[in-house]
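Subject: The structure we talked about

Hi there,

Here is the structure I promised to pass on. Have a look at it first, and then read on for what turned up in it.

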Amino acid sequence: MRSPVRSCLCLILAVSAALVLTACRHQRTARIYEDDDAYQVYSSILPDTNPLVIRAATATHDLCLKPLDDQAEKVLRPALDDYLRLNYESWLLREKFTAIPRYTILPEQELQAIFPGGSSGVASGPGWKTFVQRHPTYPGWIEVSAVGFNREKTVAVVYLRYHCGEDCAGGEFKALEKKDGKWRLLTGKRRWNHYFWKLTITTACAPAESNPS
């Protein structure tokens, strides 16, 4: 006959195991981003003058992804749909930025350890001091989204974001086309090829007046 103590112990172990299994089911491990075409897109838009610090995980922004005219809608819609599908989750980047001579991949663990409460605002000041000490070659870090493509992979859309201090941040949504084997910014009516925002100002639904990059 099983003793009450042993029965309680078995019950505790069973409940603990069930909780662990439930947690594992709900925990999603980020997948490795392997798309070679995406890294070609990144390499075409990222600066190559300074050693970059690039966040390991992809990220996006709550943008208004509605093209400004029928021409843009026709050209961009397949890539935008792919963009939304891919960026439903975060991906882990690999060191495949072949056209960028010097860069460092910033692990998520390090980023969270330096900025446990976020990278903006007065409270992030000590974190920024630590970051600059560890990464003195670039004033902040860059993060990118996964790249959305049309079926033929001749049109791409991507989001680029930068963090550079307590009150310094910005982002830009870009659309590109592949011509003669190279990715270039799309041009079109009312400059629907790219939009940007700075600090807390979001202008994703309005045409950009200037390009910060």
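This is a predicted model: local features need pLDDT of at least 70, side-chain atom pairs count only at pLDDT 80 or more; totals for chains, interfaces and linings use all residues.

Where does N87 sit? It is found in the loop that runs between α3 (70-86) and β3 (91-92). A polar atom of the N87 side chain lies 2.9 Å from the backbone oxygen of Y83. If you set aside the neighbours within four places in sequence, N87 is in contact with T60, S145 and A146.

Now for the chain as a whole. It has five helices and 10 strands, and 41% of its 213 residues count as buried. Among contacts with a separation of 6 or more, 65% are between residues 24 or more positions apart. The accessible surface of the chain comes to about 12,600 Å², and carbon and sulfur atoms account for 56% of that.

The structure holds 15 aromatic pairs. One of them is formed by Y33 and W91, a tilted pair with 5.6 Å centre to centre and 45° between the planes. Y33 lies in the loop between β1 (31-32) and α2 (36-45), while W91 is in strand β3, so this pair ties together parts that are 58 residues apart in sequence. Both Y33 and W91 are buried.

A second example is F115 with F131, which is also tilted, at 6.3 Å centre to centre and with 40° between the planes. Here F115 lies in the loop between α4 (108-114) and α5 (125-134) and F131 is in helix α5, so the parts tied together are 16 residues apart in sequence. F115 is buried, with a relative accessible area of 5%, and F131 counts as buried too, at 0% relative accessibility.

Back to Y33 and W91 for a moment: they belong to one aromatic cluster together with Y39, Y42, F97 and Y103.

One last item involves a charge and a ring. K153 lies over the face of F149, at 4.8 Å from the ring centre.

Best wishes

Key: Residues are numbered from 1 along each chain as its sequence is written. Side-chain values use heavy atoms; hydrogens and water are left out. Helices (H or I, at least four residues) and strands (E, at least two) are DSSP runs, numbered from the N terminus. A polar contact is a pair of N or O atoms within 3.5 Å; within protein, one must be able to donate a hydrogen and the other to accept it, and residues adjacent in sequence count only if both atoms are side-chain atoms. Contact means heavy atoms within 4.5 Å. Buried means under 20% relative accessible area, exposed over 50%, partly exposed in between (1.4 Å probe, protein chains only). Accessible areas come from the Shrake-Rupley method with a 1.4 Å probe; for residues, only the protein chains shown count as cover. Rings of Phe, Tyr and Trp (its six-membered ring) pair if their centres lie within 6.5 Å; planes under 30 degrees apart count as stacked, over 60 as edge-to-face and the rest as tilted. A charge sits over a ring if NZ of Lys or CZ of Arg is within 6 Å of the ring centre and within 35 degrees of the ring normal.
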